[in-house]
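Thanks for coming. Please have a look at the model first.

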Amino acid sequence: MRERPRAFPVGLYGMLLFALCWLTLPAVFAPLERSLLGATCLLPRWFARLAGSPAMAAAPDLQRQRLALSEQLESRAARHDRADAGERLAAGFEPVSCAVLVASRRGGGGRVSELLLDHSHAELAACSPWVTKGETLLGWLLRPGFGAAAKDSPADPARVQLLNAAAAPPNLAGLQLADGGSLRFVVGPAAAVDPAPLRVELWDDPYRAARLQQDGLEVRTLPRSALDAVPAGLLLGQTRVWGYQATADQQPLTIGVYVLPPFDAAALSHVVVWRPAAAATDRVAPAPFRSRRRVPGLVHDLPGAVHGRHLLLADASVPTGAAIVQDGLFVGTARGLWFGGGLVTSFALSRQRWSLILLPDAPDLAPIEMAGEVVDGEDQRAYLRWRSADARVSPRLGAGYLFTGSNGLHCPAGLYIGRATPHADDPELLIVRSPLRPGPHAVEVIVGEAGS
């Protein structure tokens, strides 16, 4: 009697192959995952409507305090961002403050080399190409149809090419030596593997340059005859010398000199461009990137809510990365699902990198833009490890109020998070307290408008 051959388990191996593809190609299967998870939210949504929706009811004094803090943040940021640079620019220019939407591309020193702004090319068409932060020159405003913006239209977000971008033009610069002398040279983008974003070339005195051993000397722009050249006196950064120190047998030898900018562009939330006052009367339609709808929603605690995960039910489609606000307080961001659903990760229990702004208690201090990551926390308290965008900021911060920085199109800067105080034993930690209510609560979902 012959034994029948065993059938090949096509179904089993097919499911294993499907699971493997799901794990290795998450972007391809993301729409299917969103639809399945969104469908599972339909039943909780139905029960939630039967139970009614709680209303947001923040105390009037708290609302007034948050509004006052937001206005203070805006005014102090504008004052310090425009300081010094305006004095060095020719008369007849006015500053335009722009928020950063995205920091991207890898340039000199391995740092980001391009910024997308919340203003369109058309809005900034009349502006000069210089982009500054305080007295620091950050980069150049690109024009649509040229260079890295060759495929952009006037309605697209404006692009800033930072000084460390490979295609960025070099700048004539100089520094003052301790003995009263000076050196003139050209500063251009460094390689991605170099120890700093900018590199010095073409010295006017190579012999003195070869003996330069001092780090931390200020490098500033020098005047040029071209009409569109950057104004003189803007800060590019500080020197970082690469070479051999002096020994008993030989003199010091400098192999290369780099320039370390004071700002880490990856953590910046706002920059300033300059528009001639004569062009200020031009009327251009505002870019849609600053028009952000607030969609009402309801947040429910999931069984794993102790780990910072919540279910969001909104009245419209929820984009991934949308900010969730409860009574004026920033709760966290959502991962969008279909059918108006979403999964919310609270700020206090998140583990992602955040762009943040600290408003110090001292009224004369500028807001501090920083990158941060929550390393530990609970619902109403988070331990935040921070790194300032400005290298000149003291490593020991004072107390203040924490706001969101620019974390994408759907999570704008200026959303209030809570009170922040420095950790007593670790200066790199901030303790952030936010009085969020537990249980089901009404929220608002911020939805940014995409460009054309």
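One definition before the cavity numbers: a cavity here is a set of grid points where a 1.4 Å probe fits but cannot get out, and its volume is the space filled by probe spheres set on those points. Also keep in mind that this is a predicted model.

With that rule, there are two cavities of 30 Å³ or more. The largest cavity holds about 160 Å³ of space. What lines it? There are 14 lining residues, and those nearest the centre are Leu138, Leu162, Asn164, Pro261 and Phe263. Sorted by class, the lining of this cavity is made of 11 nonpolar, one polar and two charged residues.

Next, the strands. E6 covers residues 171-176 and E7 covers residues 182-189; these two pair in the antiparallel sense, over six bridges. One of the residues to look at is Asn171, whose bridge partner in E7 is Val187. The hairpin of E6 and E7 has five residues between the strands, and there Gly180 takes a positive phi near 95°.

On to E8, residues 198-201. E7 pairs with this strand too, again in the antiparallel sense, over four bridges. Here Val186 has Glu201 as its bridge partner in E8.

That brings me to positive phi at residues other than glycine. Leu202 is not a glycine, yet has a positive phi of about 55°. You will find Leu202 in the loop between E8 and helix H6, which is 206-210. Is Leu202 buried or exposed? Its relative accessible area is 66%, so Leu202 counts as exposed, the cut-off being over 50%.

Asp327 is another case: a positive phi of about 55°, and not a glycine either. Its loop runs between strand E15, 322-326, and strand E16, 329-336. The relative accessible area of Asp327 is 12%, so this residue counts as buried, because buried means under 20%.

Technical notes
Residues numbered from 1 in each chain as written. Predicted model: local features only at pLDDT ≥ 70, side-chain atom pairs only at ≥ 80, totals over all residues. Heavy atoms only, no water. Pairing = 2+ DSSP bridges. 1 Å grid on protein atoms, 1.4 Å probe; cavity = no way out; pocket = protein on both sides within 12 Å on 5 of 7 lines; lining within 4 Å. Nonpolar A, V, L, I, M, F, W, Y, C, P; charged D, E, K, R; others polar. Buried < 20%, exposed > 50% of the residue type's maximum accessible area, 1.4 Å probe, protein only.
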